[in-house]
Amino acid sequence: MGLNRGPQGDFDEWLARLDNKVRELHDRQGRTVSIIGWSLGGIYAREIAKRAPQLVRHVVTLGSPFGGVEASNGQTAFRLLNRGGASMTPAMRARLRLDPPVPATAIYSRTDGVVAWRSCMLQESATARNFEVSGASHCGMGVHPQVLRIVVDRLAAL
């Protein structure tokens with residue numbers, strides 16, 4: 001769907017296209033969809049779950065800075081991708097911090113190196129859990145054995 005520039009400008013239009021993909025999966029399978037998002041992909045996963053919770057079974061985020069995209073080492077790359085206009089409005093920041101109304105899992109690492117680990121944590125509840133993994137880099141999170149175990153366990157538990 002193109003270059004991932006993060007939440008800004010036409011964000012809702014872009015999310016509508018993702019909503020359609022989730023709706024297609026839901027309709028084809030006849031059941032709710034679990035969405036796993038890595039980095040900014042986790043922000044999209046959370047926003048889709050907020051827009052269409054009836055379609056989403058569970059959201060899992062891997063190193064996703066929904067608590068503050070700009071509070072990361074990746075902010076320089078984020079600005080470059082967005083031609084210098086990467087700052088978000090206070091309303092967008094507040095929107096991204098709201099947790100989805102479906103079961104959610106946030107996986108983060110203090111050794112991420114790209115995003116600030118504190119920005120990757122959701123508000124814990126009966127249906128929302130945070131998991132810290134040791135020694136996972138941002139780019140290695142999707143293949144880190146501990147991360148994969150958590151994802152499998154969380155998806156199997158529901």
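Predicted model: local features only at pLDDT ≥ 70, side-chain atom pairs only at ≥ 80, totals over all residues.
Residues are numbered from 1 along each chain as its sequence is written, and side-chain values use heavy atoms, with hydrogens and water left out.

Helices (H or I, at least four residues) and strands (E, at least two) are DSSP runs, numbered from the N terminus. Axes are lines fitted to C-alpha atoms, for helices over the stretch in contact, and angles run from 0 to 180 degrees between N-to-C directions.

### Helices around α2

| Pair | Axes | Angle |
|---|---|---|
| α2 and α4 (residues 90–97) | 10 Å apart | about 80° |
| α1 (residues 11–29) and α2 | within 10 Å | roughly 75° |

Between α2 and α4, the contact (heavy atoms within 4.5 Å) involves Ile43, Arg46, Glu47 and Lys50 of α2 together with Arg95, Leu96 and Arg97 of α4. By class, that contact holds two nonpolar, no polar and five charged residues, where Ala, Val, Leu, Ile, Met, Phe, Trp, Tyr, Cys and Pro count as nonpolar, Asp, Glu, Lys and Arg as charged, and the others, Gly among them, as polar.

Helices α1 and α2 are likewise roughly perpendicular to each other. Their contact is made, on the α1 side, by Phe11, Asp12, Trp14, Leu15, Ala16, Leu18, Asp19 and Val22, and on the α2 side by Ile43, Tyr44, Glu47, Ile48 and Arg51. The residues of this contact of α1 with α2 divide into nine nonpolar, no polar and four charged.

Asp19, which lies in helix α1, is buried, with a relative accessible area of 9%; buried means under 20% relative accessible area, exposed over 50%, and partly exposed in between (1.4 Å probe, protein chains only). Leaving aside residues up to four places away in sequence, Asp19 touches Ile48 and Arg51. With the side chain of Arg51, the side chain of Asp19 makes a polar contact at 2.6 Å, a term for a pair of N or O atoms within 3.5 Å, of which, within protein, one must be able to donate a hydrogen and the other to accept it, and residues adjacent in sequence count only if both atoms are side-chain atoms.

### The sheet

Four strands form an open sheet in the order β1-β2-β3-β4, with parallel pairing; two strands pair if DSSP finds at least two bridges between them. At its edges stand β1 (33–38) and β4 (128–132), each pairing on one side only, and the twist averages 15° from one strand to the next.

Strands β2 (residues 56–62) and β3 (residues 104–108) pair in the parallel sense over four bridges. Leu62 has Ile107 in β3 as its bridge partner, and Val59 stands opposite Ala104 in β3. Helix α5 (residues 145–157) packs on the sheet and touches β1, β2, β3 and β4, its direction making about 165° with that of β2.

Five bridges join β3 to β4, and the two run parallel, with Ala106 opposite Asn130 in β4. Because five of the five residues of β3 are buried, this strand is largely enclosed by the rest of the structure. Ala104, Ala106 and Tyr108 point one way from β3, whereas Thr105 and Ile107 point the other way.

Terms used: Parallel < 35°, antiparallel > 145°, perpendicular 65-115°, else oblique.
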